[in-house]
Amino acid sequence: MLKINNITKTFNPGTVNEVRALQGVSVEIEEGGFVCVLGTNGSGKSTALNAVAGAFIVDEGTIKLDGVDITRWSEHKRAKYIGRVFQNPFSGTAPNMSIQENLALAMKRGKTRGIGWGLPKSLVGDFKRLVKPLNMGLEERLESPMGKLSGGQRQALTLLMSTILKPKLLLLDEHTAALDPKTASKVIDLTQQVIAKDRLTTLMVTHSMQQAVNLGDRIIMMHLGKIAYDFRGEDKKRLKVKDLLTLFDELRRKDNIDPSVAALLEEYYI
Amino acid sequence: MSLLIGSITIGLILALLALGIFISFRIFDFPDITVEGSFTFGASAGAALIVAGVNPLVASLVSFLAGMAAGAITGVIHTRFRINPLLAGILVMTALYSINLHVMGKSNIPLLSETTVFTWIENLSNRVSGIDARTIIIGWEVATRDLWLLMFCFLAILMFCCILWWFFKTNIGTAMRATGDNDQMIRALGVNTKWMIIAGIALSNGFVALSGAMLAQYQGFADVQMGIGMMVWGLASVIIGESIINDRSVGMVIAGAVIGSVLFRLLVAIALRWGLNPNDLKIITAVFVFIALILPGLLKYRKRLTLKRGAHA
């Protein structure tokens, strides 16, 4: 389904602020796969996700989605196949427009927008049915502006909007990081339901090892712009939070010694 | 009274300008100073065409398109070359000054002896009500012709408001509003935000240029200086409208811009009547907009202060 081949990205090349955010990342996700991406700050996990979303064009390598090379596609063109939920709960919805207008906008993801009526009456009933299972009482407030809702409500709606038309790929960028624990677990429940319902191919970046252990069928751990570990199948099922912590410690220890020495040591001892 | 009617008519004509500012400033949050050039561009193109014998309606339509072209250039400069909105507008505004002089061939064109849209209305008034007819409203005698002109402007503005309202409720118009509200979100929903900004700023300047063309025909001349201060003028109208109508839905903000434009024109007419030096008009407009912009923040700050004091007491 998604085929990332050896992508690299350097921000501010040739300056003191040079950041080699991605240093050759290759990964393949099969249809219906649910991958959690873990990593320390600055490991490149969000950058990798944004590369797939098209927030920037990668320096080298290719990205293929369902056999189509989308490496050079602009962000809005990729949106036809990709649903996205952002870390900031306010990024995914338009605050000064009503809930139903936001949903109507999502109904047209990747489609031509002409001079047809933006919010047909027939859709409003559908929206009520869609919003009701969220159990947030939003079905009665479809006309109120999005900006009046809480971060959790807006994130739940963003999730709904990104999947209202079935995307080929769902990208979740630490979408519960900015929520309080209770709301976060609600949004995670909802995420699971939505993904299970349509068997969506999903790439989820997360900071929470617990989430990564509980969700999905594969864990990728990134470090310094590269994939450090990749667990799938039975390995992933056996993985516990404390195992992940150990791995993180190992990566951190490796950082403290010179990279060339680390490579030498690896050669001899591993 | 006839001063009053004249002011309302000009207020309605300038409401088109306010609608343009509403699109750029409120929908896109784009401080677009191109309007100072495109207002004159509309007036000069319209006047030059009318003098050349073109049908005044066609001339006005061409003005609209000319304004759209100017706005589109600002949009392209901003989105494709990543130049800040204000600077992009200043570049196009400056360039338009020369273009306007070329279009007119001199610094102003008189239209008093030409056939304009308003000449048609006057002829119609003369035919229906008789030449130099007078009408009495609330004890004041006014020229019936002036009432016809006012009626015509009112209906024209009403039509443009309806079109604009409808447009912002269509799929593409909704996407435009979303572009101004949260561009990240609407890009993730597959909309090319660059195109939306270019189209929106073009539309905005189309309205502004049309406003210029209508004003030139109403007052009987086009002048290369007539655009100066128009952006702040339009902004003042939008702000007055928003403070009167406390509803942020598209239809209400559009209606507010029109009401604000008429009210602002009336205020200015009254102030001038009371002996305000016309030279001071621009500085007073600027100060007014400045106060209107900082007032909500000040009020909030005062409220917080009183709340704090209440909590300490």
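## Helix H6 of chain A

Helix H6 of chain A, residues 181-198, contains 18 residues and reaches 26 Å from its first C-alpha to its last, close to the 26 Å expected at 1.5 Å a residue. Just after H6(A) comes A:Arg199, whose phi is positive, at about 45°.

Which residues of H6(A) are buried? They are A:Lys186, A:Val187, A:Ile188, A:Thr191 and A:Ile195. The buried residues of this helix pack against several elements of chain A: strand S3 (34-39), H5, S7, strand S8 (202-205) and helix H7 (209-214). An α-helix has 3.6 residues a turn, so residues three or four places apart point the same way.

## Chain A as a whole

The secondary structure of chain A comprises 10 helices and 10 strands. Taken along the principal axes, its C-alpha atoms fill a box of roughly 70 × 40 × 35 Å. For 270 residues, a compact globule would have a radius of gyration near 18 Å, and the 20 Å of chain A agrees with this.

Of the 270 residues in chain A, 40% are buried. Among the contacts in this chain with a separation of 6 or more, 70% are between residues 24 or more positions apart.

## A buried loop residue in chain A

A:Ile164 is located in the loop between helix H5 (151-163) and strand S7 (169-173) of chain A. Is A:Ile164 buried or exposed? It counts as buried, because 21 C-beta neighbours lie inside 10 Å, and the cut-off for a buried residue is 20 or more.

Apart from its neighbours within four places in sequence, A:Ile164 is in contact with A:Leu103, A:Ala106 and A:Met107. Another pairing concerns A:Ala104: A:Ile164 and A:Ala104 are 60 residues apart in sequence, while their C-alpha atoms are 9.7 Å apart in space.

## Chain B as a whole

Chain B contains 12 helices and 4 strands. Its C-alpha trace spans about 70 × 50 × 40 Å along its principal axes. A compact globule of 313 residues would have a radius of gyration near 20 Å, and chain B, with 21 Å, agrees with that value.

Buried residues account for 47% of the 313 residues in chain B. Where contacts in chain B join residues at least 6 apart in sequence, 79% of them join residues at least 24 apart.

Helix H3 of chain B covers residues 56-81, which is 26 residues. From its first C-alpha to its last, H3(B) reaches 37 Å, close to the 38 Å expected at 1.5 Å a residue. B:Arg82 follows H3(B) and has a positive phi, near 50°.

Helix H6 of chain B, residues 144-167, contains B:Phe152. B:Phe152 and B:Phe118 are 34 residues apart in sequence, and the distance between their C-alpha atoms is 8.8 Å.

## The largest nonpolar core

The largest nonpolar core has 155 residues, of which A:Val37, B:Ala15, B:Ala18, B:Leu19 and B:Phe22 touch the most other members. Helix H1 of chain B, residues 2-27, supplies the largest share of this core, with 15 residues. In soluble globular proteins, nonpolar side chains tend to be buried together.

What does B:Phe22 contact beyond its neighbours within four places in sequence? Its partners are B:Ile27, B:Val238, B:Val253, B:Ile254 and B:Ala257.

## Contact between the chains

The contact between the two chains takes 25 residues from chain A and 21 residues from chain B. On the side of chain B that touches chain A, helix H7 (171-181) and helix H8 (183-188) are the elements that give two or more residues. H7(B) gives the most, with 8 residues. By residue class, this side of chain B divides into 8 nonpolar, 8 polar and 5 charged residues.

## Confidence in the prediction

The predicted model scores ipTM 0.88 and pTM 0.89. The average pLDDT of chain B is 92, and 98% of the residues in that chain score at least 70. Where pLDDT is low, the predicted coordinates should not be read in detail.

Definitions and conventions
Residues numbered from 1 in each chain as written. Chains lettered and ligands numbered in written order. Predicted model: local features only at pLDDT ≥ 70, side-chain atom pairs only at ≥ 80, totals over all residues. pLDDT = per-residue confidence, 0-100. Contact = placed C-beta atoms within 7 Å. Nonpolar A, V, L, I, M, F, W, Y, C, P; charged D, E, K, R; others polar. Buried ≥ 20, exposed ≤ 12 C-beta atoms within 10 Å, placed from the backbone. Expected span 1.5 Å × (residues − 1). Rg over C-alpha atoms; globule rule 2.2 N^0.38 Å. Core = buried A, V, L, I, M, F, W, Y, C linked by C-beta atoms within 7 Å.
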